[in-house]
Amino acid sequence: MPLQEQLAAKLCELSGLTNVFFCSTGLEANEAALKIARKFGHDKGIERPEIVVYERAFHGRSIATLSATGNPKVQAGFGPLVEGFPRVPLNDVGAIEKLAATNPNIVAVFLEVIQGEGGINPASVDYLRAVRKLCDDKGWLLMLDEVQCGIGRTGKWFAHQWAGIRPDVMPLAKGLGSGVPVGAVVCGPRAANVLGPGNHGTTFGGNPLAMRAGVETLRIMEEDGLLANAERVGAALKAGLQRELAGVAGVVEIRGQGLMLGIELARPCGELLGRAAQAGLMISVTADKVVRPVPPLILSEDEAAQIVALLCPLIKAFLAEPAN
Ligand SMILES: Cc1ncc(COP(=O)(O)O)c(C=O)c1O
């Protein structure tokens, strides 16, 4: 079977969805999703279709995806932004229901199952189910950006699977190619036939190197049991962080799932990056105050224990210092 078909078939098998468009990056996958939603609306006769997006969301750095992003820093200097993105807070069913009752132009809801750049903010299982139901009731598309939280990171292939729901549109990238640029938009029946020949495309989408990287990534992840590893080692890492940081003043919350975790501190902590690097640990800090360990899915429990042993003293020492 040609490589494109192999990878598409595998993604459909893993997601329960039916069709795949290939591209090269996360923002490109999200652009395609946004175009699907807009065209879906136009096909229904809605002239100015709107897509519900979220506070603190991150969807990429193209003009449309940065407009959908909920972070003024990402948008600053690049206006005018693309319109048609009403914004709601995450996990607030009332807010989206209110919007649904007042805005007849909505055609889709677009969210990360766990907001990554926004500070590791998980959409709750109840919220995901409520939004799925709302989309069904209203005939909207549910579009889940799994660029960061998908491909095994939370211990399931796709983070929304913890809620037992299916999206209509799911952009993927990052982990799909193990470092080789591969993006994909996986669609279910409601969205699969919205774009026809000539509506969308990209030169490098589905190239043989990218497809081979995707096929082998998923094969190795399955053979090596990396989903179970992410779940088990992620739980150990979270428990270790919770144990070592319990009761430490200035630690607001430890959250996330599998190997996608965030430690929110009470104050900006960007300087921890350099200190951690000096201690031999690569971390990232996001949303100013959230230390975000997102280690590789091959992490062992020993290595998780090393992260805890290196990171927690750094955080404690940092929080013990007077704020600048
Ligand atoms: C949730 C999410 N969507 C989209 C993107 C953009 O992906 P890319 O950098 O491949 O364009 C990112 C990147 O961090 C992301 O975290």
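**View 1. An oxygen atom of the ligand is 2.8 Å from a polar backbone atom of Gly 26.** This is a predicted model, where local features need pLDDT of at least 70 and side-chain atom pairs count only at pLDDT 80 or more, while totals for chains, interfaces and linings use all residues. Residues are numbered from 1 along each chain as its sequence is written, and side-chain values use heavy atoms, with hydrogens and water left out. Gln 148 also reaches the ligand: an N or O atom in its side chain is 2.7 Å from a ligand oxygen. For Lys 174, a polar side-chain atom lies 2.8 Å from an oxygen atom of the ligand. (A polar contact is a pair of N or O atoms within 3.5 Å; within protein, one must be able to donate a hydrogen and the other to accept it, and residues adjacent in sequence count only if both atoms are side-chain atoms.) Altogether 13 residues surround the ligand, and the closest are Gly 26, Leu 27, Asp 145, Gln 148 and Lys 174. (To count as near, a residue needs a heavy atom within 4 Å.)

**View 2. Here helix α9 meets helix α11.** Two packed helices are described by the angle between their axes and the distance between the axes. The axes of α9 (residues 226-245) and α11 (residues 301-320) come within 9 Å and cross at roughly 30°, so the pair is roughly parallel. (Helices are DSSP runs of H or I with at least four residues, strands are E runs of at least two, and both are numbered from the N terminus. Axes are lines fitted to C-alpha atoms, for helices over the stretch in contact, and angles run from 0 to 180 degrees between N-to-C directions. Under 35 degrees is roughly parallel, over 145 roughly antiparallel, 65 to 115 roughly perpendicular, and the rest oblique.) The crossing of α9 and α11 is right-handed. (Right-handed means the near helix is turned clockwise from the far one by less than a right angle; anticlockwise makes it left-handed.) Among the α9 residues touching α11 are Val 233, Leu 237 and Leu 241. By class, this contact of α9 with α11 has 11 nonpolar, 1 polar and 5 charged residues. (Contact means heavy atoms within 4.5 Å. Ala, Val, Leu, Ile, Met, Phe, Trp, Tyr, Cys and Pro count as nonpolar, Asp, Glu, Lys and Arg as charged, and the others, Gly among them, as polar.)

**View 3. Now α5 lies alongside α6, roughly parallel to it.** The axes of α5 (residues 93-102) and α6 (residues 125-138) come within 10 Å and cross at roughly 10°. Val 93, Ile 96 and Ala 100 of α5 meet Tyr 127, Ala 130, Val 131, Leu 134 and Lys 138 of α6. That contact of α5 with α6 splits into 7 nonpolar, no polar and 1 charged.

**View 4. Helices α1 and α8 are oblique to each other.** α1 (residues 3-15) packs on α8 at about 40°, with the axes 9 Å apart. Their crossing is left-handed. The contact includes Leu 3, Leu 7 and Leu 11 of α1 and Met 211, Val 215 and Leu 218 of α8. Its classes are 8 nonpolar, 3 polar and 4 charged residues.

**View 5. Gly 205 is in the loop between α7 (189-192) and α8 (208-223).** Leaving out residues up to four places away in sequence, Gly 205 touches Gln 4, Phe 22, Cys 23 and Ser 24. Gly 205 and Pro 181 are 24 residues apart in sequence and 9.5 Å apart in space, C-alpha to C-alpha.

**View 6. The peptide bond from Gly 79 to Pro 80 is cis, with omega near 0°.** Pro 80 belongs to the loop between α4 (72-75) and β3 (87-88).
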